Amino acid sequence: MLLFNVENIGVDTMYNLGSQFVYDINKARANTACVFVGKTYRISVITERLIRIEYNKQGIFEDRQTQNILYRNFEAPKVNVMQDNRYLEIISKYFRLEYLKEGKINSTRNLKIFLLSTDKIWYYKHPEVRNFEGTMMSLDDYNKNSDYGKSLYSDDGFVTIDDSKSMVINEDGTITKRESDVQDIYIFMYRKDFGLCLKDYFSITGYPPLIPRYALGNWWCRNYPYNEAEINKLFLRFSKESIPMSIFLLDKDWHVRNVDNKKNLLTGYTFNTKLLPNFSSVINNLHNKGIRIGLYNNPVEGIHTHENMYLKCREYLGGEENKSISFAPYDPKYIDVYLKLLLHPLEGIGVDFFWNDYYNKNDKNTSFILSHYNFLDSNRNESKRGMLLMRNSTFASHRYGILYSGKTTVSFKTLKLLPFYNSSSSNIGLSWWSHDIGGYYSGIEDNELYLRYVQLGCFSPIFRIHVDGGKYYKREPWRWDVQTFEITKYYMQLRHKLVPYLYTEAYKYSKDGIPLIQPLYYKHPDIYDKLVYRNEYYLGSEMLVSPITDKKDLVMNRVIHKFYLPSGLWYDFKTGKKFPGDRAYVSFFKDEDYPVFVKSGSIIPIDQDIKNNTDCPNNLELHIFPGRSNIYNLYEDDGVSNLYKQGYFLKTSFDYNYQENNYTIIVRAVEGKSGIVPEKRNYKFRFRNVKKTSDLFVNFNGKELNYESYEEDNDFVIEVIDVPTIGQLTINCRGKAIEIDAVRLINEEIDDIIYDIPIETRLKEQISQILFSDLPIKKKRIKIRRLKNDKLDEKFIKMFLRLLEYIQQI
């Protein structure tokens, strides 16, 4: 551990925090071939869509990295330039910039940018009213302030990031405020090419890191003072119930909180030995079960005198004897001590990551500083990949890990907010939001609300259960009724099964900047104004989710849910029912069902095993949907280190060739290195909505293999064991009329409702004859109303009249 003697460090002296905090200053300097500079202005064309404009009366311009912008030096884009002593014109494929040299940029007479092939003109302080906005900073107080911030996605086809007031990162990695009054803005001119806008954004701010694989599993956290026996009991119960858990996140009470007259301290680094006398053994025990450990951390109160490392900290930082050392996030010496003397020892006993919960909505700079230093420090070793749970500090937070949205109330109102909140985050390049599943505090515990939270969490970026300490908050699945427990268990198991798919999509986000969640309105902008469909989003490349956020109809015991499916053929991921696209639907979902769809030809890799750890699976199952050919490349690495950056990963291609009555799937490693995944693997190929056929061909590298095949539900399943992961596995299925036509029919759903409602069987027969007859809707309504004479309860009459309304809509 290297700490520098405080006495030898002056105010203006460079401070060596560590190489993990240092950026290459040359990458922050724009390519001079596309920089146009005068006495008071500097204009840098960074890409053919992105311009940086600086204005300062003293001619002071910034070449250092800032809290938002890290990179500016790229290959010179193709532009045409015309200029003289007074006038500058720059033309690219996307824009034409006109500037009256040395003129103040806040005047349209001096500066304007035309978006080519449109009638749009950008000027300084343009209102950008067509901006779709991005995610707000926190949900803690969203009832008081639910404004969303500015995003990159706009119908204007351009957007501005004002970097004038952001802090700068010095060459030694320290962070300071700007010394000069400068206007420093970045203008993205992208028309409808939002994907290219994101590419430019990630190019200058830095691409998102690849989070550890275990972060995609189930998290558990309760604001409760757990002791060792309670921790062991909790995870034994999860194991007994076959509910996988990948992360145990300890809230505040892991550290000493009450000392002398100091009560309920937020900040602490010394274990509460009354609760956890030997925490290293707790960590080892959980690690042996495949569970990772995170600790709450809020450094806002500084360093208290009771801390084990207090004297050592004061030796370096100074201060009055027996008085707490004040929190000083702008002081590099303080940050150095904070990381090396307070956090590193905790990592040394096995703590996997920290949850930085510093939150002050009026102080985003401190949030940034803590996220920046905490994450980069966690990523300092190749053997351990960076990981941090943190608060959002707006732009460029994607660089620092997983975002915590704050303490939310237990309510359907909160649940309704989350899907749009998640998808809006993609508008500013964020994906890794995590929310308190079930809500954190207040409200009324409700099994339906809990289930819909769990289901949404299953198909969200992060699945994190977190709740306040009251004993009547029911987050343990076994505290609910049997049906609620079984449904919760199914979706928590499914979450871990989906990790191979989710991790592959996480890799795409990290490498190519493709957000894990993309709102439906990216491809269908008109959806944005249709509130009933606006919550829908793509989860990765293969899935489309239409979240349920409304309460069910208690009479029919189902949620009446409207959704829209884009063009093409779609399948319900769970049931396999087929839905023709480019149309809206009304459907009726039981508690156990959730509207998740996959397009024809989709390939979803899932882990067959139910386990805590999320390592590369030994038993891999592929869900393959008919209708079109497709290729899906599964990405795998060790999941915990940074060695993947050196090529230690493996991509496996699943090449599905679809012809009617003739399917072929070819599995082969296409990129990377051997030794990353198990040497051999068992495969289960689940051809959805396909009948069994005996005309099969299974071989590996041309050699015929043994296999087992059978029908299960409406699927044709082929199992092949002990298949080497390096080489080519080929499976061909042939037969006539082997695809099952499982088109979803509204009549079947209504018939199920009739089956389930508690009325006399003879009335069910009458209702069925009315609803499924060829009569006009108006006459059906009359006949349903007349069933009151047969003593059909009024609530059921109203229910069937509503069903007729939905039938009419369809």
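The legends below describe several close-up views of a predicted model.

In this predicted model, local features need pLDDT of at least 70 and side-chain atom pairs count only at pLDDT 80 or more, whereas totals for chains, interfaces and linings use all residues. Residues are numbered from 1 along each chain as its sequence is written, and side-chain values use heavy atoms, with hydrogens and water left out.

**View 1. Helices H9 and H10 cross at roughly 50°.** Helix H9 spans residues 482–497 and helix H10 residues 499–512, and their axes come within 5 Å; helices (H or I, at least four residues) and strands (E, at least two) are DSSP runs, numbered from the N terminus. Axes are lines fitted to C-alpha atoms, for helices over the stretch in contact, and angles run from 0 to 180 degrees between N-to-C directions. H9 and H10 are therefore oblique to each other, given that angles under 35 degrees count as roughly parallel, over 145 as roughly antiparallel, 65 to 115 as roughly perpendicular and the rest as oblique. Arg495, His496 and Lys497 of H9 are in contact with Val499, Pro500 and Leu502 of H10, where contact means heavy atoms within 4.5 Å.

**View 2. Strands S4, S11 and S12 form an open sheet.** The order of the 3 strands is S4-S11-S12, and their pairing is antiparallel; two strands pair if DSSP finds at least two bridges between them. Strand S4 (65–66) and strand S12 (175–176) stand at the edges with a single partner strand each, so one side of each is left without a neighbour in the sheet. S4 is joined by 2 bridges to the antiparallel strand S11 (residues 168–169), and Gln65 has Ile169 of S11 as its bridge partner.

**View 3. Strand S39 pairs with S35 and with S38.** Strand S35 (residues 680–687) and strand S39 (residues 715–724) are antiparallel over 7 bridges, with Tyr683 opposite Val720 of S39. Strand S38 (residues 708–712) also pairs with S39 in the antiparallel sense, over 5 bridges, and here Glu712 stands opposite Asp715. S38 and S39 form a hairpin with 2 residues between them, and in its turn Asp713 has a positive phi of about 55°.

**View 4. Both faces of strand S15 are covered.** In S15 (residues 247–250), Ile247 and Leu249 on one side and Phe248 and Leu250 on the other are all buried; buried means under 20% relative accessible area, exposed over 50% and partly exposed in between, with a 1.4 Å probe and protein chains only. Strand S14 (residues 218–222) pairs with S15 in the parallel sense over 2 bridges, and Trp220 has Phe248 of S15 as its bridge partner.

**View 5. Glu102 and Ser442 have positive phi values.** Glu102, a residue other than glycine, has a phi near 70°; it lies in the loop between strand S7 (95–100) and strand S8 (111–115) and is partly exposed, at 33% relative accessibility. Ser442, also other than glycine, has a phi near 60°; its place is in the loop between strand S20 (433–434) and helix H8 (447–458), and it too counts as partly exposed, at 38% relative accessibility.

**View 6. Cys616 and Cys458 have their sulfurs too far apart for a bond.** The sulfur of Cys616 is 20 Å from the closest cysteine sulfur, that of Cys458, and Cys616 is buried at 13% relative accessibility. The count comes to 0 disulfides, a disulfide being a pair of cysteine sulfur atoms within 2.5 Å. Cys313 is also buried, with a relative accessible area of 0%.
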